[in-house]
Amino acid sequence: MSNIVVGQVEQYIRGLVPERAGLLKQIEEEARAEGIPVVQPEVGQLLLCLARLRGARRVLEVGAATGYSALWLAQGLGQEGTLTTIELDPARARKARENFEQWFGGYAGPVTLLEGDAMQILPSLKGPFDMIFVDAAKGQYPEFLRQVERLLAPGGVLVADNVLFRGMVARPEEDVERRYRTLVRRLREFLERLTGHPDWDTSVLPIGDGVALSYKRN
Ligand code: SAM
């Protein structure tokens with residue numbers, strides 16, 4: 001398939017996501033204007049569907065940015081479901097908090113934002129979570145996976161964004177710009193662990209920037 005066809009398919013799929021209104025649309029526009037890398041709407045819609053399919057009650061997100069994907073996840077939460085999300089950047093964390101308060105009408109609703117480095121916060125968290133979405137520093141995915149393995153319930157769902165990293169993960173190493181090679185190697189390590197381990201059933205979806213969807217066996 002040529003890139004043009006791939007682009008057409010992507011645009012078509014994106015066009016099928018119901019039109020966002022209000023705050024979600026505003027966050028999308030701000031993210032575009034300020035270069036904040038939030039998930040594509042079709043990935044947001046996937047998160048919502050997966051949370052609903054799983055009947056997710058305890059969800060963890062690594063990498064909140066300004067709260068866009070968290071709001072998709074929150075829409076898929078079951079009754080009395082909760083979402084814990086982690087963000088390193090103080091300005092983004094502040095904005096995310098404002099967005100949660102606006103969305104839920106003056107308080108953060110079912111969302112708890114933990115500000116700081118996930119590498120330090122994850123070891124202090126108690127599981128089990130029934131869904132975990134990883135969308136933070138790509139070079140740290142193998143370390144995040146070690147924590148996620150501990151925190152995710154058997155039968156839980158792990159979703160990771162950007163696993164194809166602009167298609168570079170699928171290219172021979174010599175065709176990848178030098179400055180991205182370590183990152184690409186780490187993403188491959190992450191995918192190989194998920195696809196090669198008997199505890200996980202994994203499917204890699206070529207939507208957005210590449211999404212890995214994994215089921216943790218009982
Ligand atoms: N999930 C968000 C969304 O779609 O709305 C986008 C997240 S953005 C791709 C990645 C975020 O992870 C950035 O805001 C960055 O500051 C944060 N981040 C990177 N490394 C982190 C770490 N070690 N701990 C916590 N947050 C981290």
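Colleague: Is V163 buried or exposed, and what is its relative accessible area?
Modeller: V163 sits in the loop between β5 and α8; helices (H or I, at least four residues) and strands (E, at least two) are DSSP runs, numbered from the N terminus. Buried means under 20% relative accessible area, exposed over 50% and partly exposed in between, using a 1.4 Å probe and protein chains only. V163 is therefore buried, with a relative accessible area of 0%.

Colleague: What pLDDT do side-chain atom pairs need in order to count?
Modeller: Residues are numbered from 1 along each chain as its sequence is written, and side-chain values use heavy atoms, leaving out hydrogens and water. This is a predicted model, so totals for chains, interfaces and linings use all residues, local features need pLDDT of at least 70, and side-chain atom pairs count only at pLDDT 80 or more.

Colleague: Which residues does V163 contact, leaving aside its neighbours within four places in sequence?
Modeller: Contact means heavy atoms within 4.5 Å. With those neighbours set aside, V163 is in contact with Y141, V169, L187, F190, L191, V204, D209, G210, V211 and A212.

Colleague: Which residues come nearest to the ligand?
Modeller: A residue is near a molecule or strand if one of its heavy atoms lies within 4 Å of it. There are 21 residues around the ligand, and those that come nearest are V39, G63, S69, E87 and D135.

Colleague: How far is an oxygen atom of the ligand from an N or O atom in the side chain of R92?
Modeller: A polar contact is a pair of N or O atoms within 3.5 Å; within protein, one must be able to donate a hydrogen and the other to accept it, and residues adjacent in sequence count only if both atoms are side-chain atoms. A nitrogen atom of the ligand lies 2.8 Å from an N or O atom in the side chain of S69. For R92, the pair is formed by a ligand oxygen and a side-chain N or O atom, at 2.8 Å.

Colleague: With which side chain does the side chain of D135 make a polar contact?
Modeller: D135 is found in the loop between β4 (129–134) and α7 (141–151), and counts as buried because its relative accessibility is 12%. An N or O atom in the D135 side chain is 2.8 Å from a nitrogen atom of the ligand. Within the protein, the D135 side chain makes a polar contact of 3.3 Å with the side chain of K138.

Colleague: At roughly what angle do the axes of α4 and α5 cross?
Modeller: Axes are lines fitted to C-alpha atoms, for helices over the stretch in contact, with angles from 0 to 180 degrees between N-to-C directions. The axes of α4 (residues 68–76) and α5 (residues 90–104) come within 10 Å. Their contact is made by A70, L71, A74 and Q75 of α4 and F100, W103 and F104 of α5. The axes cross at roughly 35°.

Colleague: What is phi of F165 near?
Modeller: Most residues other than glycine have a negative phi, and most peptide bonds are trans. F165, in the loop between β5 (152–161) and α8 (181–196), is buried, with a relative accessible area of 8%. Phi of F165 is positive, near 30°.

Colleague: What is omega for the peptide bond that joins G127 and P128?
Modeller: P128 lies in the loop between α6 (118–121) and β4. The bond from G127 to P128 is cis, and omega is about -5°.
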